[in-house]
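I opened my notebook on a new structure today.

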Amino acid sequence: MREYDQQPLVSVYMATKNRAYLLKRAIESVLAQDYSNMEIVIVDDASTDETSVLLKRYSGNDERVFWLKNDISQGAAAARNKALEACRGKFVTGLDDDDYFLPSRISSLLNAYDERYAFVCSGVVWDFGHRKKKVDTKPLEFNLEQQLNYNHATTQVFVERKRFLEIGGYDTKLCARIDYDAWTRLILKYGKGRRISCPTYVLDRTEGIDRITNSDFNAIGNLQFIAKFKHLMSRKNLLNQEFWALYAKGERLHFRELVPQLLAGNSMMKLKHVVRNFFAP
């Protein structure tokens, strides 16, 4: 690990609601990091399950765990912003309450951090329960044009807290795509993002969990994202965003649209979508 005069404090922020049965795994994965100078800041967005009991126990046993509670649910974006405001670290990175970190998550991102980039991120592991799949593991430096084709920053980034606050945090007006939107705005203000190959974030893809990505909000959020950044988008960007909107709604990509879509990039994803929708039983 690269030597620092003093190890900087890293804050892991989380928003949670009624997922006490998953939250324990998320918290434990942060406490198990191989980097010591960190804290966890959690906002309980008006949970009605055992979340408060769990958080009281963790914060009472470990001074690195700090939590706040909303009496009335404010939504994920507002809850994350509240957590960001309470963070004390020079650097911050997020964790969804149904996901978890691998032990070298913080140290690998800190070692890769370079202030010339807006942020640093990594590939992810999709955990389907019966199998795991590594995604977006190719090292990459990506600019705004590339980011508007596809969310190369994946699900969470490692960034200086002051930068996140300077862009206004998460956009509370969006129904979904709040991560994609935030990373795009960071690139817009601070330049390219950097992705390292080592996947240290595990994204829970098992069935039976209510998620924004499984709801109508996902499709609405896609359209909101397009409307927000359309003035910055190239023709290729627009074609790709049209595909992601279609993909979110589970709609078919017709053959007459296939050639221009393939020329716009993300061709393998689009071919798989066509096969799945036209030929799968």
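**Leu84.** I began with Leu84, which lies in helix H3, residues 76-86. I kept in mind that this is a predicted model. Is Leu84 buried or exposed? Leu84 counts as buried, because its relative accessibility is 1% and the cut-off for buried is under 20%. Next I looked up what Leu84 touches. I left aside its neighbours within four places in sequence. Its contacts are then Tyr13, Val92, Arg161, Phe164, Leu165 and Tyr170. I also checked Leu84 against Tyr13 by distance. The two are 71 residues apart in sequence. In space, their C-alpha atoms are 6.5 Å apart.

**Glu39.** I moved on to Glu39. I found Glu39 in strand S2, residues 38-45. Its relative accessible area is 3%, so Glu39 is buried. Which residues does Glu39 touch, not counting those up to four places away in sequence? I noted Leu9, Val10, Ser11 and Val12 among them. Arg64, Cys87, Arg88 and Gly89 also touch Glu39.

**Pro8.** Then I looked up Pro8. Pro8 sits in the segment before strand S1, which covers 10-16. With 13% relative accessibility, Pro8 counts as buried. Not counting residues up to four places away in sequence, Pro8 touches Tyr35, Asn37, Phe91 and Leu110. I also took the C-alpha separation between Pro8 and Arg256, and it came to 53 Å. Along the chain, these two residues are 248 residues apart.

**H1 and H2.** I turned to helix pairs. Helix H1 spans residues 20-31 and helix H2 spans residues 51-61. Their axes come within 9 Å and cross at roughly 20°. How do H1 and H2 run, roughly parallel or roughly antiparallel? They are roughly parallel to each other, because angles under 35 degrees count that way. I recorded the crossing of H1 past H2 as right-handed. On the H1 side, the contact is made by Ala20, Leu23, Lys24, Ile27, Glu28 and Leu31. On the H2 side, Thr51, Leu54, Leu55 and Tyr58 take part. I sorted the contact of H1 with H2 by class and got 7 nonpolar, 1 polar and 2 charged residues.

**H8 and H9.** I noted a left-handed crossing for H8 and H9. H8 brings Asn218, Ala219, Asn222, Leu223, Phe225 and Ile226 to the contact. H9 brings Gln241, Glu242, Trp244, Ala245, Ala248 and Lys249. By class, the residues of the contact of H8 with H9 are 7 nonpolar, 3 polar and 2 charged.

**Cysteines.** How many disulfides does the structure hold? I found 0 disulfides. Cys198 is in no disulfide. Its nearest cysteine sulfur belongs to Cys121 and is 12 Å away, whereas a disulfide needs two sulfur atoms within 2.5 Å. Cys198 counts as partly exposed, because its relative accessibility is 35%. Cys175 has 27% relative accessibility, so Cys175 counts as partly exposed.

Methods:
Residues are numbered from 1 along each chain as its sequence is written. This is a predicted model: local features need pLDDT of at least 70, side-chain atom pairs count only at pLDDT 80 or more; totals for chains, interfaces and linings use all residues. Side-chain values use heavy atoms; hydrogens and water are left out. Buried means under 20% relative accessible area, exposed over 50%, partly exposed in between (1.4 Å probe, protein chains only). A crossing is left-handed if the near helix is turned anticlockwise from the far one by less than a right angle, and right-handed if clockwise. Helices (H or I, at least four residues) and strands (E, at least two) are DSSP runs, numbered from the N terminus. Contact means heavy atoms within 4.5 Å. Ala, Val, Leu, Ile, Met, Phe, Trp, Tyr, Cys and Pro count as nonpolar, Asp, Glu, Lys and Arg as charged, and the others, Gly among them, as polar. Axes are lines fitted to C-alpha atoms, for helices over the stretch in contact, and angles run from 0 to 180 degrees between N-to-C directions. Angles under 35 degrees count as roughly parallel, over 145 as roughly antiparallel, 65 to 115 as roughly perpendicular and the rest as oblique.
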